[in-house]
Amino acid sequence: MEQKWFLAALYFGVLSSIGTFALAYMMATKNVPQDLYLSSIYFYLHFQYNGWFWFVCTGLFVSLIPADLKNTKENKTVFQLFAWSCIPAYLLSVLWLKLPAWVYALAVISAVIQLIAWFKLVKLSFTIFKLNPRIAGFLKILFIGIAFCVTLKLVLQFGSVFPAISKLAFGFRSIVIAYLHLVLLAIISGFLLAYLYTNDLVYRTSKTVFF
């Protein structure tokens with residue numbers, strides 16, 4: 001089942017390149033409308049962070065789950081929810097534009113769907129902690145910390161649909177940078193570190209014995 005996650009990651013990674021091509025075109029023509037410029041940047045970032053990075057890491061995580069029938073069905077549901085909501089979730093990055101009411105509603109729905117998908121994935125992940133003896137001690141704490149960061153990220157993402165919060169988030173560049181650091185450093189990098197140690201892909205020394 002994890003193959004679908006990896007294929008989706010590749011698809012969203014390629015899709016994100018549209019943002020860079022749009023930026024290149026604007027620079028080449030020396031016509032750089034501010035809204036289009038920012039929208040292209042957020043397009044690239046969204047499909048990199050919430051597409052390419054997220055689906056690769058989730059695919060790796062899913063590979064740790066025993067592939068019995070129940071988990072396969074549940075995994076399929078989680079995948080479909082994240083995959084179908086990823087594209088409209090881009091609208092959450094451009095709420096500062098004057099969007100029609102139905103487009104705004106689509107952004108809200110995508111945020112809700114991703115929250116539902118995440119809690120289903122959390123429920124599914126309990127199987128890993130029960131059946132995988134390699135996840136113990138500090139590794140378990142690390143996974144829990146990553147799960148907390150993902151929850152925080154999705155809650156903040158949902159909160160952005162409210163105008164007051166959206167104005168605050170997009171009005172201060174430091175908040176955007178903090179959000180990107182939360183995703184890349186705390187979630188993506190943290191998970192890759194946990195995955196490497198869980199599968200014994202990193203040589204353990206006395207300095208890393210706590211893992």
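**View 1. Lys-30 sits in the loop between α1 and α2.** This is a predicted model, and here we zoom in on one residue of that loop. Most residues other than glycine have a negative phi. Lys-30 isn't a glycine, yet its phi is positive, at about 55°. Is Lys-30 buried or exposed? With a relative accessible area of 76%, Lys-30 counts as exposed, since the cut-off for that word is over 50%.

**View 2. Helices α1 and α2 cross at roughly 165°.** Look at α1 (residues 2-29) and α2 (residues 34-62): their axes come within 8 Å. An angle over 145 degrees counts as roughly antiparallel, so that's the label for α1 and α2. The crossing of α1 past α2 is left-handed. And what kinds of residues make up the contact of α1 with α2? Sorted by class, there are 24 nonpolar, 9 polar and 1 charged residues.

**View 3. The largest nonpolar core has 55 residues.** Which residues have the most contacts inside this core? They are Trp-5, Phe-55, Phe-82 and Phe-191. The largest share comes from α2, with 11 residues.

**View 4. Phe-191 and the residues it touches.** Here's a closer look at Phe-191, one of the residues with the most contacts inside the largest nonpolar core. Leaving aside residues up to four places away in sequence, Phe-191 touches Cys-57, Leu-60 and Phe-61, along with Phe-143 and Ile-146.

Technical notes: Residues numbered from 1 in each chain as written. Predicted model: local features only at pLDDT ≥ 70, side-chain atom pairs only at ≥ 80, totals over all residues. Heavy atoms only, no water. Axes fitted to C-alpha atoms, helices over the stretch in contact; angles between N-to-C directions. Helix = DSSP H or I, 4+ residues; strand = E, 2+ residues; numbered from the N terminus. Parallel < 35°, antiparallel > 145°, perpendicular 65-115°, else oblique. Left-handed = near helix turned anticlockwise from the far one by under 90°. Nonpolar A, V, L, I, M, F, W, Y, C, P; charged D, E, K, R; others polar. Buried < 20%, exposed > 50% of the residue type's maximum accessible area, 1.4 Å probe, protein only. Core = buried A, V, L, I, M, F, W, Y, C linked by side-chain atoms within 4.5 Å. Contact = heavy atoms within 4.5 Å.
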